[in-house]
Amino acid sequence: MSTRNILDWLEEAVALAPDAPAYEMPGNVLSWDAVCRKARSAGTALARLAPRQTPVLILMDKTPECVCAMLGAAYAGCFYTPLDSGMPEARMKRIAERLQPSVILYGDKYAGVAERISGEAKLLNAADLPEETDLPLLEGRRARHIDTDLLYVLFTSGSTGTPKGVSIQHRAVVDFIEWACSALRLPSGVRFGSQAPFYFDNSVLDLYCTMRMQGSLVLIPRGDFMFPKRLLARLQEERIDTIFWVPSALTALARAEVLQPGCLPDMKRIFFCGETMPCGTLNGWKQAVPGADYVNMYGPTEITDVCSWYRVDRDFADTDSLPIGFPCTNTRIDLIDGEICVSGTCLSPGYYNDPEKTAAAFVQHPLRPQIPEKMYRTGDLGAYNDRGELMFLGRRDSQIKRSGYRIELGEIESALQNADGVVLSCCYFDEGKEWIVAAYTGEAEETAVKTALKAALPKYMLPDLLLKRETLPRTGSGKIDRKVLRQEAESEHLIH
Amino acid sequence: MDEMSRLIAALEEVRDDVDFAAEAHLVEDGILDSLDLTRIIASLDEAFDIHIPAGEIEPENFDTLDAMLEMVRRYRKP
């Protein structure tokens with residue numbers, strides 16, 4: 001029987017490799033059997049509190065237990081939203097208001113914040129999950145499952161200041177993971193080293209390819225990524241053979257000059273997605289790990305992590321651009337006025353509880369007018385090279401990527417606008433320096449504006465330079481002109 | 001301004017909400033994250049005209065104010 005629910009893979013892993021390590025971090029290894037037991041007990045507790053197909057907000061650190069909580073939501077027939085515990089409470093609250101979770105499942109140290117953002121939601125402390133499993137309850141939920149049920153909702157920056165909740169169905173994840181395991185030639189027992197946070201969709205590949213192949217996923221402590229030597233030692237000690245990281249994490253390690261030929265004898269597969277991969281970084285890695293498979297992937301959260309891929313099959317100069325290649329199975333990519341447009345099984349059915357934004361981004365496929373078929377407009381620009389490979393050319397709007405994080409400059413401007421004493425605001429991104437530069441007019445003092453921004457935005461969105469101006473430049477149509485602001489800032493030698 | 005004051009000023013440009021003098025485990029306690037660290041290194045590079053090689057970025061060098069001062073002195077041109 002074909003897979004309809006990601007839990008089918010979990011149960012297969014339990015049958016085939018019950019005692020093998022599944023999800024682990026240093027000092028805390030859970031076997032497939034343990035993962036399944038913990039997921040079922042979380043599912044039991046959740047099913048007692050939450051109706052089928054309602055949202056479960058998860059506020060926990062990145063631990064094996066957090067994975068069990070997410071899978072527990074699936075056992076209860078619900079869907080999960082892992083939240084970045086580091087984001088400001090005001091933003092968490094806006095997400096909770098949009099999501100209207102039936103339950104907030106939280107780690108002990110987030111009890112206060114969970115309570116404050118809870119609204120109508122019921123609260124469940126992860127430390128209070130029962131040991132027992134009510135199998136008939138879970139089987140009842142499972143019997144009603146269909147593959148268009150939601151598995152998760154991940155929130156991403158929204159241009160008007162409110163994050164958008166991308167909802168993803170089981171069938172999209174099943175389709176994606178079956179493609180990934182075969183296209184990426186993953187062996188059973190694959191050993192992944194995880195970099196992506198669970199609230200970032202690259203983690204979907206990590207989590208479910210591991211499950212599908214009865215492998216293991218080492219949750220690398222976040223702090224390791226700050227220290228190249230420590231990170232390298234972790235990859236060596238844990239004998240990681242596969243990584244799927246944002247290019248900035250790979251670049252940091254390559255630039256630190258700690259990679260030496262032969263330094264990672266176990267490493268077989270190096271995959272990347274989430275932002276443009278510089279060929280200089282790729283070449284640095286290829287020198288150190290020459291035998292590995294290198295695959296560049298591309299895709300926004302709305303199409304389930306990845307919609308196109310390119311296996312590196314030739315050499316590139318440091319200054320070349322790497323192709324994003326070809327569509328995945330069951331995925332169609334059309335270039336419409338140069339914009340990358342995606343349709344197929346991978347598509348999100350829409351932004352959760354947000355019909356307006358859904359209608360704007362998920363549109364009727366213009367080349368298939370005879371039947372209703374949705375197409376997602378990525379906002380990314382693309383073109384084909386001479387070899388017929390798709391190339392990524394940039395954005396058509398003001399969305400940026402910094403350290404792999406997707407940021408709408410509009411969300412930063414909206415936070416500025418909401419600060420007391422700010423009249424007008426504008427931001428731009430300096431790609432060379434990786435700086436967000438923000439300017440505003442009004443009475444407000446810079447320190448007060450900075451404090452207001454910190455309370456509203458996650459750290460990776462905070463401007464690196466804040467300018468108080470008398471006026472802001474305008475375009476002919478009266479919009480604030482980011483390009484002219486940039487020229488002004490650069491000509492005044494504020495940026496050099 | 002003495003070296004210590006310049007160091008504190010450079011650090012406060014990155015994080016004005018941290019009392020750097022009072023903390024003994026800035027990294028190990030998770031007070032500083034990777035974004036902070038990147039910015040601190042850039043800020044120190046600029047304030048002291050030094051270059052801290054990325055391979056030498058070790059937690060011990062960033063855990064306390066004294067450790068950072070010592071590191072800055074190591075990398076200052078003679």
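How many bridges join strand E25 (residues 435–442) of chain A to E26(A), and do the two run parallel or antiparallel? There are four of them, and the strands run parallel. This is a predicted model, and the legends below take it one close-up at a time.

**View 1. A three-stranded open sheet in chain A.** The strand order here is E24-E25-E26 (chain A), and the pairing is mixed. Strands E24 (422–430) and E26 (465–468) of chain A sit at the edges with a single partner strand each, so each has one side left without a neighbour in the sheet. Going from one strand to the next, the twist averages 20 degrees. If you want a spot to look at, find A:Val437, which stands opposite A:Leu465 in E26(A). As a bit of background, strands of a sheet pair through backbone hydrogen bonds.

**View 2. Two helices by the sheet: H13 and H15 of chain A.** Helix H13 (residues 409–417) of chain A lies across E24 and E25 of chain A, and runs at about 150 degrees to E24(A). Helix H15 (residues 482–491) of chain A packs on the sheet too, touching E24, E25 and E26 of chain A. The direction of H15 makes about 75 degrees with that of E24(A).

**View 3. A:Arg185, a loop residue with a positive phi.** Most residues other than glycine have a negative phi. A:Arg185 is not a glycine, yet its phi is positive, at about 55 degrees. Look for A:Arg185 in the loop between helix H7 (170–183) and strand E9 (191–194) of chain A. A:Arg185 is exposed, with 12 other C-beta atoms within 10 Å.

**View 4. A:Thr304, a buried residue with a positive phi.** Phi of A:Thr304 is near 65 degrees, and this residue is not a glycine either. A:Thr304 lies in the loop between strand E13 (293–298) and strand E14 (308–311) of chain A. Buried or exposed? A:Thr304 counts as buried, with 32 C-beta neighbours inside 10 Å.

**View 5. Where chain A touches chain B.** Chain A brings twelve residues to the contact and chain B brings nine. On the chain A side, seven of these residues are nonpolar, one is polar and four are charged.

**View 6. Stepping back to chain A, with its 15 helices and 26 strands.** The radius of gyration of chain A is 23 Å, close to the 23 Å that the globule rule gives for 496 residues, so chain A is as compact as a globular protein of that length. Its C-alpha trace spans about 65 × 55 × 55 Å along the principal axes. Of the 496 residues in chain A, 49% count as buried.

Terms used: Residues numbered from 1 in each chain as written. Chains lettered and ligands numbered in written order. Predicted model: local features only at pLDDT ≥ 70, side-chain atom pairs only at ≥ 80, totals over all residues. Contact = placed C-beta atoms within 7 Å. Nonpolar A, V, L, I, M, F, W, Y, C, P; charged D, E, K, R; others polar. Helix = DSSP H or I, 4+ residues; strand = E, 2+ residues; numbered from the N terminus. Rg over C-alpha atoms; globule rule 2.2 N^0.38 Å. Buried ≥ 20, exposed ≤ 12 C-beta atoms within 10 Å, placed from the backbone. Pairing = 2+ DSSP bridges. Axes fitted to C-alpha atoms, helices over the stretch in contact; angles between N-to-C directions.
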